[in-house]
Amino acid sequence: MTTEQPLPPRTRIVVEHLAAAGVDTRVVVLPDSARTAAEAARAVGCEVGAIANSLVLTADGDPVLVMTSGAHRVDFAVLAHALGAAEVAMAPASLVREVTGQAIGGVAPVGHPAPLRTFLDEDLQRHPQIWAAAGTPHSVMPLTFEQLRTMTGGSLVRVA
């Protein structure tokens, strides 16, 4: 694991989880925010579809993490059907912070106080390298889809 500068505390927690999962990658701390997929893609020089957006949603009231391609928006009806849920909705910021320890725009796939049931957008498989947040809106990390799947235990879903 390599970094380009000192890491924020939330990102250090993510790095610990990555190491425990045996994931060898680097964390890049960006000078500007990467809260949106477009911002992140510009910052790292990739296409928007290779950005793995971390969305904390509720499925029938229970929090879930959905890692989705930045190339499209989640269709909640499609996702609800895929999850077997009657209702899927965005989680409020307070719940996101509670279940991940991280702020919206910087939610990493790991590094949470307790594991979240995780779902992976099948479109992310199309990219040899994807980029995910690393605990803050200014920190990102490159991963392969298999690394993401292995460290999260995520199930494949169609989200759009």
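User: Which residue in S8 stands opposite Ala132?

Analyst: Ala132 stands opposite Met141 in S8. This is a predicted model, in which local features need pLDDT of at least 70 and side-chain atom pairs count only at pLDDT 80 or more, while totals for chains, interfaces and linings use all residues. Residues are numbered from 1 along each chain as its sequence is written, and side-chain values use heavy atoms, with hydrogens and water left out.

User: How many bridges pair S7 with strand S8, and in what sense?

Analyst: In general, two strands pair if DSSP finds at least two bridges between them; helices (H or I, at least four residues) and strands (E, at least two) are DSSP runs, numbered from the N terminus. Here S7 and S8 (residues 139–143) are antiparallel and share four bridges. Five residues lie between the strands of this hairpin, where Gly135 has a positive phi near 110°.

User: Which residue stands opposite Trp131?

Analyst: Opposite Trp131 in S7 is Ile51. Strand S3 (residues 51–59) runs parallel to S7, and two bridges join them.

User: Which residues on the two faces of strand S7 are buried?

Analyst: Buried means under 20% relative accessible area, exposed means over 50%, and partly exposed lies in between (1.4 Å probe, protein chains only). In S7 (residues 130–133), Ile130 and Ala132 on one side are buried, as are Trp131 and Ala133 on the other, so that both faces are covered.

User: Where does Thr25 lie, and what does the side chain of Thr25 reach?

Analyst: Thr25 belongs to the loop between helix H1 (9–20) and strand S2 (26–29). A polar contact is a pair of N or O atoms within 3.5 Å; within protein, one must be able to donate a hydrogen and the other to accept it, and residues adjacent in sequence count only if both atoms are side-chain atoms. The Thr25 side chain reaches the backbone oxygen of Pro142 at 2.4 Å. Thr25 counts as buried because its relative accessible area is 8%.

User: Which residues does Val99 touch?

Analyst: Contact means heavy atoms within 4.5 Å. Leaving aside residues up to four places away in sequence, Val99 touches Val56, Pro63, His112, Pro113, Ala114 and Leu116. Val99 is in helix H4 and is buried, with a relative accessible area of 14%.

User: Is Arg117 buried or partly exposed?

Analyst: Arg117 is partly exposed, because its relative accessibility is 47%. Arg117 sits in the loop between helix H4 (93–100) and strand S6 (118–121).
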